[in-house]
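Thanks, everyone. Please bring up the sequence and the model, and I'll walk you through it.

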Amino acid sequence: MSVSEIALAEGKAANGRGAEFRRGLAASTPVLLGIIPYALVLGAQAAQKGLSVVEVPLMTGLNFAGGSEFAAIQLWTSPPHVLLIAAITLLVNSRHFLMGAALAPFINHLPKRQVFPALFLMCDESWAVGLADARRRAATGMRPAFSLPFYLGAGLSVYLAWVAFTTCGAALGPVLGDVEKYGFAVAFPAVFLVLLSGMWKGFAAARPWLVSLVVAALTYLIVPGAWYVAAGALSGLLAAWFLAGGK
């Protein structure tokens with residue numbers, strides 16, 4: 001192969017990666033419109049608990065998982081109960097073990113230098129978008145089914161928007177006051193309902209969700225504090241394990 005042919009092939013590959021990256025950006029746009037409001041809510045709540053405009057992006061950028069961040073902020077005191085917050089964060093984020101396991105068959109061909117950044121960007125939104133795309137590609141016989149540039153386009157956009165708008169929430173929180181009165185908090189469950197509806201496979205597969213919902217709701221009504229988050233996460237994981245035959 002001549003030098004010009006090699007350059008042409010590399011150019012086509014780069015254009016293909018660019019197109020896939022842009023496709024990921026486009027696929028994540030509806031999700032971005034949903035996460036911006038509750039990113040602002042989280043940033044404002046963190047500011048009200050005493051976190052600075054520098055500390056908020058450090059938290060949201062290093063622990064890229066919105067549910068556990070909301071739980072941590074609800075539990076935040078001065079001085080903070082570090083062990084309790086760490087334990088709740090671990091429990092809430094334990095769903096990432098199952099998310100990673102679902103994604104593993106599609107990414108096991110990738111080198112670790114690509115897998116680790118991809119897993120760092122794995123949140124509920126990027127995981128749902130990336131997994132749905134990989135399954136569609138696999139159903140049509142495309143190989144590889146998992147498009148890393150597509151996933152990075154979706155994941156990076158969600159990550160940058162999350163960090164940027166939680167920071168904006170922290171900066172504007174003292175000015176706006178209680179941002180929940182504007183109804184922004186409804187965006188959080190709305191985004192998850194949309195993601196779950198796209199993954200619906202029937203009632204049998206949704207039974208762990210129902211168990212988690214009931215247990216979390218009962219714990220919220222009976223036990224003070226944010227223990228309903230841990231109860232819901234643990235009960236959902238245990239229900240999935242038992243319903244799968246305990247294997």
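**Rings, cores and a surface patch**

There are six aromatic pairs in this structure. Take W241 and F242: their ring centres are 4.9 Å apart and their planes sit at 70°, so this pair is edge-to-face. The cut-off behind that label is a plane angle over 60 degrees. How exposed are the two residues? W241 has 42% relative accessibility, so W241 counts as partly exposed. F242 has a relative accessible area of 57%, so F242 is exposed.

Keep in mind that this is a predicted model.

Next, a cluster. Y38, F70 and W162 are linked by ring pairs. Two of those names come back in a moment.

On to the interior. In soluble globular proteins, nonpolar side chains tend to be buried together. Here, the largest nonpolar core has 26 residues. Which members touch the most others? They are I35, L51, F64, F70, I73, V158 and W162. So F70 and W162 belong both to the ring cluster and to that list of core residues.

Where does this core come from? Helix 1 (3-48), helix 2 (55-62), helix 3 (66-75) and helix 8 each give two or more residues. Helix 1 gives the most, with nine.

Look at L51 in detail. Setting aside residues up to four places away in sequence, L51 touches A46, V56, M59, I73 and W76. I73 is itself on the list of core residues with the most contacts to other members.

There is also a second, separate core, with 16 residues. Among them are L103, F106, I107 and M122.

Now a loop. S147 lies between helix 7 (124-139) and helix 8 (148-176). Buried or exposed? S147 is buried, because its relative accessible area is 7% and the cut-off is under 20%. What does S147 contact, beyond its neighbours within four places in sequence? The partners are E20, R23, D133 and R137.

Last, the surface. L210, L213, V214, L218, Y220, L221, I222, V223 and W227 form a nonpolar patch there. Together they have about 950 Å² of accessible area. Which element gives the largest share? Helix 10 (residues 203-222) does, with seven residues.

I222 reaches 66% relative accessibility, so I222 counts as exposed.

To recap: the model has a 26-residue core, a separate core of 16 residues, and a nonpolar surface patch with its largest share from helix 10. Happy to take questions.

Conventions: Residues are numbered from 1 along each chain as its sequence is written. This is a predicted model: local features need pLDDT of at least 70, side-chain atom pairs count only at pLDDT 80 or more; totals for chains, interfaces and linings use all residues. Side-chain values use heavy atoms; hydrogens and water are left out. Patches are made of residues with over 30% relative accessible area and no salt bridge: like charges are joined within 9 Å, nonpolar side chains (Val, Leu, Ile, Met, Phe, Trp, Tyr) within 5 Å. Accessible areas come from the Shrake-Rupley method with a 1.4 Å probe; for residues, only the protein chains shown count as cover. A salt bridge is a side-chain nitrogen of Lys or Arg within 4 Å of a carboxyl oxygen of Asp or Glu. Helices (H or I, at least four residues) and strands (E, at least two) are DSSP runs, numbered from the N terminus. Buried means under 20% relative accessible area, exposed over 50%, partly exposed in between (1.4 Å probe, protein chains only). Contact means heavy atoms within 4.5 Å. Rings of Phe, Tyr and Trp (its six-membered ring) pair if their centres lie within 6.5 Å; planes under 30 degrees apart count as stacked, over 60 as edge-to-face and the rest as tilted. A nonpolar core is a set of buried Ala, Val, Leu, Ile, Met, Phe, Trp, Tyr and Cys residues joined through side-chain atoms within 4.5 Å.
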